[in-house]
Each structure stands twice: as structure tokens, then as C-alpha cells.
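Please read them alongside the coordinates.

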Amino acid sequence: MKELMLGNEAVARGAYEAGVTVATAYPGTPSTEITETISRYKEIYCEWAPNEKVALEVAAGAAIGGARVLCTMKHVGLNVAADPLFTLSYTGINGGLVIVVADDPGMHSSQNEQDTRYYALAAKIPLLEPADAQECRDYILTAFSLSEEFDCPVLVRLTTRVAHTRGVVIVGERKTAPLWDYVKNFSKYVMLPGMARQRREIVEQRMARLAEAANTYSLANMYVDQHADTPGDTLADTHTQTQTDLQLNRVEAGNGKTAVITSGIAYQYAREVFGEVSYLKLGMVHPLPERLVVDFAQGREELYVIEEGDPFLETQLKALGIRVTGKKLFPATGELLPGVLRERIFGANTKEEKEEAKAGAQVEAIPTRPPVLCPGCPHRGVFYVLKKLGLTVLGDIGCYTLGALPPTGAMDACICMGASIGMLHGMEKARGPEFAGKAVAVIGDSTFIHSGITGLTDLVYNKGRGTVIILDNNTTGMTGHQNHPGTGFDLRGEPTNRLDLVQVAKAVGVRRVKVVDPFALTELEKAVKEEVQAEDPSVIIARRPCVLLDRSKTRVLVRVDEEKCTFCRRCLAIGCPAVAVSRTAGEKKGRIVINETLCTGCMLCVQLCPFGAIERVER
Amino acid sequence: MGAQIKDELTKKRWPGPEDVYNIILAGVGGQGILFAARVLGTAALMKGYDVKVSEVHGMAQRGGSVVSYVRFGRKVYAPVVEKGRCDLLVAFEELEGLRWLDHLCTGGRVILNRQRIDPMPVISGKAEYPKEIPAIIRRRAGSVELVDALTIAGECGSLRTVNTVLLGLTARFLPVEEEIWLETLAEVAPARMLDVNRQAFIRGYRYTQPSGQA
């Protein structure tokens, strides 16, 4: 059956068909929809873990326990999960373990552009890279075969354009994977130095076998044969039926003497631009099939390596003595889109394009449309207050990072998940205790549970006096409203044990814990002033659900009384999309108007107006 | 079949896979672009084409510009539409239509929804919303369909069907039969919204511009 599926949905489908019974993840764009899709398959136990490290540890336990397991995260999440990853490479698995990591070239929704392929190299495990939705489904099946055959976790790398592109997918049926026996094996799973030294050798042998296997064009076929003696309605059948023509590393012979070595989405871009030349498309990017690439490169007049991001393949190709054009011509930064490739190969401007550029120049400046905090967002008031008080704000990862943009502009730094608290503490230690009176850390509820608790523990333990504001909107907002331990609901929306943020703060030793409503600006400001001045560490929980979760409850909105409005523009300081300046042509001053279709009745602007010109009305 | 699409629609001026049709849906988060793109893609698949539909998630959705590329034909490689190669630009909002105009191919078609959603720099009075966008677009495009999809959606009973009205109008210019569209709509739209969506689609599909419009 053919379906139009997102790459992420196809990954989930592949895992389903592969007989996965356990799936773990922490949400992160562009990987989130994998686990959301998995949650619709009732046969699979799935969970949002508090962070990626825990997700991978749960996955490791489940795999060593004998099940087939999928673990998913975004690229920066793998930094968090790197600790278990590197040693899992030593212990190996039992049931198959596939870790899907979604990179974000071009940083559509990320703080960096790191390239997951280096993790495969460093952790000494194989990495597959699908180029479209069909391959997402197919490669997951292959990855599980590889994982069990070579007794190691397998990485599958997606990029945004693969994860978030719908494509045609031929799907198959789910086959039950065996729950392999769990047998205690101290020397394999307990990584004391003596055992780890033995496993270290096995890792090298495994990679050598994998590199050799990668040379054959149709790697998957090999596993079909090896699994063929498995009796019954198991995966062997699946593979025979669906994977006989799947070639992980394939040569597409074309015209002329130009040839391209490529993988992943870059393959699609290259096909678009180079047309019918010869391609070596690598599905297994690590380990590199050395014999295959050397053979392919032989006698080529022009050989390009087209890869998005860093020169991962290029460096290895050059180490093999292959003369190839790569990053000398193509950029390592941003997305390697077809337009970029075309420009680098064929030159920038044809005559036609120059004319069009001229025509385009006649169009007046087009205003940007930057992302903004939603109307009625509970974070808005917090950033207004922080700016008003002139505090240094150590920020964190989430929707609220948008508080850094004008007009609120109340954020000094944002590095990674959970960093705000440690950075606040570090700044205080560098600049002295009085600095804590001029600074706060701001972190969302999901982010705090992800990796803020250890930072807060450190701040208390090492006698910091900093103030941490937890923006508790009762969800993981930016990634599309996933539950987390603080919401009291699990991935499938079932009620579960709820983590209490107040109790957590108290348990790590914070005595000053306050809960405030971020829409009550006066109390919020008072609380922040008090707590930054306090000599002890403190936590302020600004608690109000994400406006997108309970929009329907709004019964009121506000209007501007034109008689009273002096156009002082104080209400614009919160940067609310519902509070607008209206000017008729030639008019200098302008008026403030409330966009009633956007207004949620949060009353922030009402509190800001010194003239009482913004009034509450019933809807 | 692919070559027919080209004949029916517009000639391309570049070498490469000739029989891929490129659509850009551009608008603002919350306008239902992903739904429209999904229906377009699914209908093209039902017709037997290879299809790719790119989506935008995460940070870009927080009130920012949203764009979706829909490409279909005999064989589709890249999921993105390059500058100057878009056959059909469906602008859900005027400013976004202007923003993506440089992606239109020579002689390409634009469907322009006469809706204006101010971006933050305009809301705060720091920038002006460009004037006479339809006229600018006319200068560049081979043909322009102007439509007030918001009003039509309201007449259909839900302002949220703006996307389906525009989808209907878009569908009219594509080599896929009406039955396939309606079948696809029934498959993709939530059941409780199907009737209003079907009505909105048909209103878009049968829409003709009043003569003399700007």
C-alpha cells in the first residue's frame, strides 16, 4: 500500500514493522513526530523521558532485556545522551537498538548545526542516512537487522528536510520480533576496566567486519540470507519480502565522466542539479565502504562529494588518496540546497537571472515576519518585568527564548537545555555575590525537569544566592505541546504520577520558593525584586498554562478608549501582536488599536496603561 | 503524463527534470497551510504521481512565515522549490505572496488571497505594510487570481476553511479530477469538519474573479 508520509512518520512505521516493542524519546524539532506517531501503535510501549540521556538508558535496558527498541532525539539531544552511547558501543545490545537522531542544517529551530555523523565515528557504531520517506521506513528495518547481527546500537541520521518532508511510502505488515532471552553476562555488560579492555578489542573487530560488509552493494540481502534459517512468522520473512532489492550503498551509473559521491538529502539535491551523471549513494555513511569508493572513483575526470554540513565523507575520501572536489567549492554552513549547488557549479547569474534580479529590485522593502510569543502567552509578562528591572537574564531553550527579541529584549545568554541556572551561578562566582542581586535565570518547566534540577542543586550546594524563575506553562510548548513529568500526564495523555516543582525546589535545599501568576504584573514585579535582593537562593514559579492549551475559555477582551489614549505607546512594550499601531496615510501620531481576533483577554496591556484607556469588555 | 502537465500549465526555462510541477504555499502560522499541502500531495499521489511535500515545524510556526513546497511529477528528487522555478504560487496572505514572488518562474501563476495579516514590525509601527501588492505581483506573474477567501470561508460557515477555499481554487489549475480531490478531502479532513470543507472546496473550485477587480 502506498501512503504519503512524513519522514518521521515513516521512521515510526519502520519501527512498527520491525517489531519494536519499546520506544523512548525526549521531544525536539525536527524529531518529535516520530514518537507521536509511535504512540498511535498500541503494540509499542512508548514514553517521553525527562531527557535524552534517560531516554537512551531506558532504551539500553530494554534492548539488553531482549526487546527491539527505538530511541529518538534531535541532534543536540545526542550530546546529552552521549555518555550512555559511547559505552553501549562496548557492551553491545541483545535485542536490536536503533537511535534516530534528527539534525537541523540551516538551524530552522535549533541553536547549532552540529553533524551527528561524527558521533558514529567517535562512538564506533554504524550510521545510516535515509534520503526520503521510503528510505526512512526501509533503513529502520535494515538498522534493526544490523544492530542484532553486529551486536551494537545503530544510529540513523535524519535532517530537517528528510524528517519534515512527506513522500510516497510503500508500507508492509508488522512482524513480531522475538524477545531474546536475557542471560546474565557480567563480562559483557559490567564495564569495569578489566572487562572494558576486552570489549574495546571487540569494538574494533566489529567495525572492521562492518566496513567489509559495507563494500557489497546490497548489504541487506546478506542479512536476508543469514536470517533465512529463523523459523516461523518472524523478521526474516519481512526482510525477504520487502528488502531484497534494497541496496544501502548503491551505484547509479550515468552519462559522461562526471561522478558524485553523496548521501542523505544531499543526494536529492545533487540529482536535481547534476541530472544523469554517475552517483555513489551511500546509505551507510559510517563505516565508509572503502573498496567500493575506491573502485567508483577510478578513472573519473570530475569527482564531486556532495554532503550537507561538515566534510565528513570528504576527509575520509582524501585520506584514501581519492582526488575529489567538496568543501572547496560547496559551503559547509547552512543547507546545501539545489540553488546553492547550482550557483557554485554553474556560476551565479545567467542573463535572464540578472534581468530578474533587476525586476526584483523594484519591489519595495518587504517587512520581516519574525516569530513572536503568541497573544496571551504567559511568558510575556515575565520578560516585561525583567526588562523593566534591568536585570541580567540567563535564558534557556524553549518558546520563551523569543523573550530575547525586541521589544522585551530581556535575555543575555542562551546556550543549551538547562544551562541558565549553572550560568547564573557561574556569573555570580565570577562577579561577586552582589551580582546575584542584578540577575536571574529563566527556564521553562519541561527544560527545568530535563536538566535544570542538577544546576539548581549545584547553586544551592555551592552557596550561590541566585534567583531562578521557572516559567511553568504545564507543557513542552515549542515542540508542539508534549506532556512531561510536571504535567501529571504521560505520552498517551493518561494520568500518571506528577512531579511537584515546589517540592523539588525545596528538596534540593531552596527555602525561598514562591508561586506567582505571570499575568499579575504588580505581584510578579514585587516577587522578583524581593527574591533577587534576598541573600539565600530562591525559586519563583511563574505558573499559568500555555495559552494555546486553553484558548477556548476566553470570555473577555479589551478595547481602547480613544478619548483617553494619549498614544504614549507604553502598551507596546510587551510586544503583543494584538496591540497595534494604526495610522491613516499622512497621519503622524497614530492610534493604538486592539486586534479583537487575536486578543485573548490576558489583561497585560490594561495593567500597563497609565491613563486607563484600555478597558475590559465582555465578548 | 508529466509532459502534459507542462503543456497545460507553463513552460519552464531551465534544464533538468522537465516533468515536475512546483507549487509553493505561503502564508502565516495558523492559516492551515499544512492541511492544504497534505491534500494537494495526497491527491497527486492518488492520481499516480511521485510527490514530495515539505513542511515547517517548531520555531517557524510561532506567528512567523510558513511555507510549504509541493512538487509532483514522474519522479521528484528535492523537496524544495528553487528561486525562479515555482509554477504556481498560492499566497494565503498578501505580504507572504510578495515575499515568495522571486520564486515564481517566468509566466508563472499566482493565486492571491486578499488577506492582510500584519507582521510584528508593522504592528509596532516600525515598518509599513507594502502597498498595492496585487499590482506588483501582476507585473511579475503570467496570471493572477485574486480571491477573498476569508469572506467565502465565512459564507461556508467557518472562517477556518480559508485554506480549503484556496485549495479548491488551486485544484482547478492542476491535472487531477474533481472526484479525486473530493475523495482526498474526505480522507484527510476530520470527519466533523468534512461538510463545511467540501463546501469551501467547491466554492474555491468554481470561483471566478469578478471583472474589473484591482
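1. Start with a loop in chain A. A:Asn474 sits in the loop between β16 and α21 (501-507) of chain A. Its phi is near 60°, a positive value in a residue other than glycine. Helices (H or I, at least four residues) and strands (E, at least two) are DSSP runs, numbered from the N terminus.

2. Provenance and numbering. The model is predicted: local features need pLDDT of at least 70, side-chain atom pairs count only at pLDDT 80 or more, and totals for chains, interfaces and linings use all residues. Residues are numbered from 1 along each chain as its sequence is written, while chains are lettered from A and ligands numbered from 1 in the order in which they are written.

3. Two cis peptide bonds deserve a look. The bond from A:Thr29 to A:Pro30 is cis, with omega near 10°. A:Pro30 belongs to the loop between β2 (22-25) and α2 (32-38) of chain A. The bond from A:His286 to A:Pro287 is also cis, with omega near -5°. A:Pro287 falls in the loop between β12 (284-286) and α14 (290-297) of chain A.

4. Domains of chain A. The division gives domain 1 (2-242), domain 2 (249-349), domain 3 (379-543) and domain 4 (554-618). These bounds come from an automatic or database domain assignment. Between the C-alpha centres of domain 1 and domain 4 of chain A there are 52 Å.

5. The parallel sheet of chain A. Five strands make an open sheet in the order β14-β15-β16-β18-β17, with parallel pairing. Two strands pair if DSSP finds at least two bridges between them. β14 (392-394) and β17 (512-516) of chain A are the edge strands, each pairing on one side only. Neighbouring strands are turned by 25° against each other on average, direction ignored. Axes are lines fitted to C-alpha atoms, for helices over the stretch in contact, and angles run from 0 to 180 degrees between N-to-C directions.

6. Inside that sheet, β16 (residues 467-472) and β18 (residues 538-543) of chain A pair in the parallel sense over 6 bridges. A:Ile469 stands opposite A:Ile540 in β18(A). Helix α18 (residues 379-388) of chain A packs on the sheet and touches β14, β15 (439-444), β16 and β18 of chain A. The direction of α18 makes about 155° with that of β16(A). Helix α19 (residues 419-431) of chain A lies across β14, β15 and β16 of chain A, at about 170° to β15(A).

7. How many residues of chain A are in contact with chain B? The count is 46 residues of chain A against 45 residues of chain B. Contact means C-beta atoms, placed from the backbone, within 7 Å. Elements giving two or more residues to the chain A side include β1 (2-6), β8 (165-170) and α13 (264-274) of chain A. The largest share, 5 residues, comes from α17(A).

8. A:Gly167 has B:Lys52 as its bridge partner in β2(B). β2(B) also pairs with β3 (residues 65-73) of chain B, antiparallel over 4 bridges. There B:Val53 stands opposite B:Val70 in β3(B).

9. Helix α7 (residues 162-172) and helix α9 (residues 194-205) of chain B pack at about 45°, with axes 6 Å apart. That angle makes α7(B) oblique to α9(B). Angles under 35 degrees count as roughly parallel, over 145 as roughly antiparallel, 65 to 115 as roughly perpendicular and the rest as oblique. Residues of α7(B) in this contact include B:Leu166 and B:Gly168, and those of α9(B) include B:Ala200 and B:Gly204.

10. Second pair. Helix α8 (residues 178-188) of chain B packs against α9(B) at about 150°, with axes 10 Å apart. That makes α8(B) roughly antiparallel to α9(B). B:Trp181 and B:Leu185 are among the contact residues of α8(B), and B:Phe201 is one of those in α9(B).

Notes. Two residues are in contact if their C-beta atoms, placed from the backbone, lie within 7 Å.
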